[in-house]
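Please read it beside the model.

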Amino acid sequence: MRTCIAASLAMLLLLFGLPWLTATVEEPTVPSTEKAGEQAVSADANVVLRVWDGEKTQEMTVAEYLPGVVRGEMPATFEMEALKAQAVAERTYIYYKIETGGKESHPNADVCMSPACCNAYTPAEQAAERWGEKAAEYEARIQEAVHDTDGQVMLYEDQPILAAFHSSSDGITANSGDVWVSDLPYLASVASPEGESNVPNYYSVKEIPLAEFQSTFLAAHPEAVFPENPASWIGAPTHNNSGRVETISIGGVSVEGTEVRSLFGLRSASFTVETDGEKVTFRVTGYGHGVGMSQYGANEMARQGKTWQEILQWYYTGVRLDSYRPHTVQAP
């Protein structure tokens with residue numbers, strides 16, 4: 001009997017590895033490829049997802065699905081530690097969606113391939129066409145980022161976090177409550193090191209003809225009143241702690257900066273606005289909602305020598321890095 005028990009335990013260890021024994025936050029155990037001829041067990045390969053591709057649901061392991069969203073969400077030219085941070089953020093977001101059941105648009109699938117719902121997914125063939133002669137090199141970088149962080153996620157109170165991320169910030173990220181309904185303790189505002197020198201289109205300008213501006217706003221707020229003088233259409237904005245526009249009065253109606261961004265297709269809610277006799281001009285800094293990890297900020301931190309663990313623990317306050325297995329999916 002003891003021999004059978006010992007054999008069973010040995011078999012379990014061979015099948016599942018030892019990621020659950022990891023206790024050190026700063027340097028979580030990450031599996032390597034093959035050592036001394038022994039096949040390493042991949043945590044990502046042992047989790048099967050139901051993926052909605054827009055037409056049908058298909059089964060994919062995390063090891064198959066995750067490279068697609070890293071390809072779709074971050075340039076393959078970014079620093080390796082930034083790519084690894086992105087892989088962990090994506091994996092965490094996938095598990096968060098699974099555990100919270102946030103899949104109204106695809107109730108029979110765990111995740112999808114749409115950035116409007118889950119995250120952008122780019123198949124390897126499509127990415128290769130875009131990358132051209134660099135395809136093999138870039139694909140190897142994506143696979144390395146996923147492989148070297150195998151199974152690792154961010155946990156808060158032992159649960160996967162809402163691992164929000166965005167392209168670039170105006171020197172500081174936003175509290176989640178500044179953008180969404182409530183503040184989450186791990187999505188707090190922090191300084192972010194990117195700027196004009198390392199972010200393409202860090203500053204952008206959006207000019208909107210007066211008639212178009214007026215009609216767009218009236219479609220959302222028919223109670224608004226626009227006097228003859230355009231200089232009186234827009235009031236002085238208020239700002240939140242991260243410097244983004246909190247509220248602003250347009251046509252006598254107080255609206256949130258996030259709504260203005262959505263209505264007029266601005267790259268972020270960090271903007272100034274002015275009018276003249278012909279148009280309304282928005283001057284915008286950064287790109288995205290501003291919550292969680294700034295991708296360009298992560299890339300700059302990686303250039304400065306920070307590891308993927310340090311990057312993630314900077315942008316996501318109080319998280320623990322560890323392995324995790326979703327409760328609602330099955331092994332292959």
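1. The model is predicted: local features need pLDDT of at least 70, side-chain atom pairs count only at pLDDT 80 or more, and totals for chains, interfaces and linings use all residues. Numbering runs from 1 along each chain as its sequence is written, and side-chain values use heavy atoms, without hydrogens and water.

2. A pocket is an open set of points on a 1 Å grid over the protein atoms alone, where a 1.4 Å probe fits, with protein on both sides within 12 Å along at least five of seven lines; lining residues have an atom within 4 Å of a point. Among the 18 lining residues of the second largest pocket, Y93, C117, C118, N119 and H289 lie nearest its centre.

3. The whole structure holds 14 aromatic pairs (Phe, Tyr or six-membered Trp rings, centres within 6.5 Å; planes under 30 degrees apart are stacked, over 60 edge-to-face, the rest tilted). F78 and Y296 are edge-to-face, because their planes stand at 70°, with centres 5.0 Å apart. This pair links distant parts of the chain, 218 residues apart.

4. Ring pairs also join F213, F217, F226, W233, F264, F271 and F282 into a cluster.

Methods
Helices (H or I, at least four residues) and strands (E, at least two) are DSSP runs, numbered from the N terminus.
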